[in-house]
Amino acid sequence: MTSANSILYDRYMDAARLHREHAATCAVCTGDRRCVAGARLFTVFSGLQDQYLHRRRG
């Protein structure tokens with residue numbers, strides 16, 4: 001894995017962890033509903049996931 005891909009992967013995994021940790025403790029967030037903070041965390045996570053997967057396929 002190149003350095004740029006490694007950094008992107010680390011950011012992607014950190015975002016996934018933060019989203020999971022938030023969802024585990026938030027009374028509002030569910031599988032299909034998110035609070036404001038949960039929505040922001042999910043948006044960051046999904047954007048990084050898309051970037052990472054795009055680089056892996058490209």
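**View 1. Arg-17, a partly exposed residue with a charged partner.** In this predicted model, Arg-17 is partly exposed, and its relative accessible area is 34%. Its partner here is Glu-21: the two side chains form a salt bridge, and their closest N and O atoms are 3.4 Å apart. Side chains of opposite charge can pair when their charged atoms come close. Glu-21 is also partly exposed, at a relative accessible area of 43%. Both Arg-17 and Glu-21 belong to helix α1, which covers residues 3-25. Four residues, or about one turn of the helix, separate Arg-17 from Glu-21. How many salt bridges does a search of the whole structure find? The search finds one.

View 2. Helix α1 holds both tyrosines, and they sit three residues apart, about one turn of the helix.

View 3. Tyr-12 lies in helix α1 while Phe-45 lies in helix α2 (residues 36-57), so the pair ties together parts that are 33 residues apart in sequence. Phe-45 is buried, and its relative accessible area is 14%. Which residues form the aromatic cluster? Tyr-9, Tyr-12, Phe-42, Phe-45 and Tyr-52 form one cluster.

**View 4. Gly-38, a buried glycine in helix α2.** Gly-38 is part of helix α2. Is Gly-38 buried or exposed? Its relative accessibility is 0%, so Gly-38 counts as buried. Which residues is Gly-38 in contact with, leaving aside its neighbours within four places in sequence? They are His-19, His-22 and Cys-29. For a sense of distance, look across to Gly-58: Gly-38 and Gly-58 are 20 residues apart in sequence, and their C-alpha atoms are 30 Å apart in space.

**View 5. The whole protein, as a setting for the close-ups.** The secondary structure comes to two helices and zero strands. Along its principal axes, the C-alpha trace spans about 40 × 15 × 15 Å. The protein has 58 residues, and buried residues make up 26% of them. Among contacts with a separation of 6 or more, 50% come from residues 24 or more positions apart. The protein exposes about 4,300 Å², and carbon and sulfur atoms supply 53% of this area. As for charge, there are 9 positive and 5 negative side chains, and the centres of these two sets lie 3 Å apart. Arg-17 and Glu-21, from the opening view, form a salt bridge.

Methods
Residues are numbered from 1 along each chain as its sequence is written. This is a predicted model: local features need pLDDT of at least 70, side-chain atom pairs count only at pLDDT 80 or more; totals for chains, interfaces and linings use all residues. Side-chain values use heavy atoms; hydrogens and water are left out. A salt bridge is a side-chain nitrogen of Lys or Arg within 4 Å of a carboxyl oxygen of Asp or Glu. Buried means under 20% relative accessible area, exposed over 50%, partly exposed in between (1.4 Å probe, protein chains only). Contact means heavy atoms within 4.5 Å. Accessible areas come from the Shrake-Rupley method with a 1.4 Å probe; for residues, only the protein chains shown count as cover. Lys and Arg count as positive and Asp and Glu as negative; His and the chain ends are not counted. The place of a charge is taken as NZ of Lys, CZ of Arg, CG of Asp or CD of Glu. Rings of Phe, Tyr and Trp (its six-membered ring) pair if their centres lie within 6.5 Å; planes under 30 degrees apart count as stacked, over 60 as edge-to-face and the rest as tilted.
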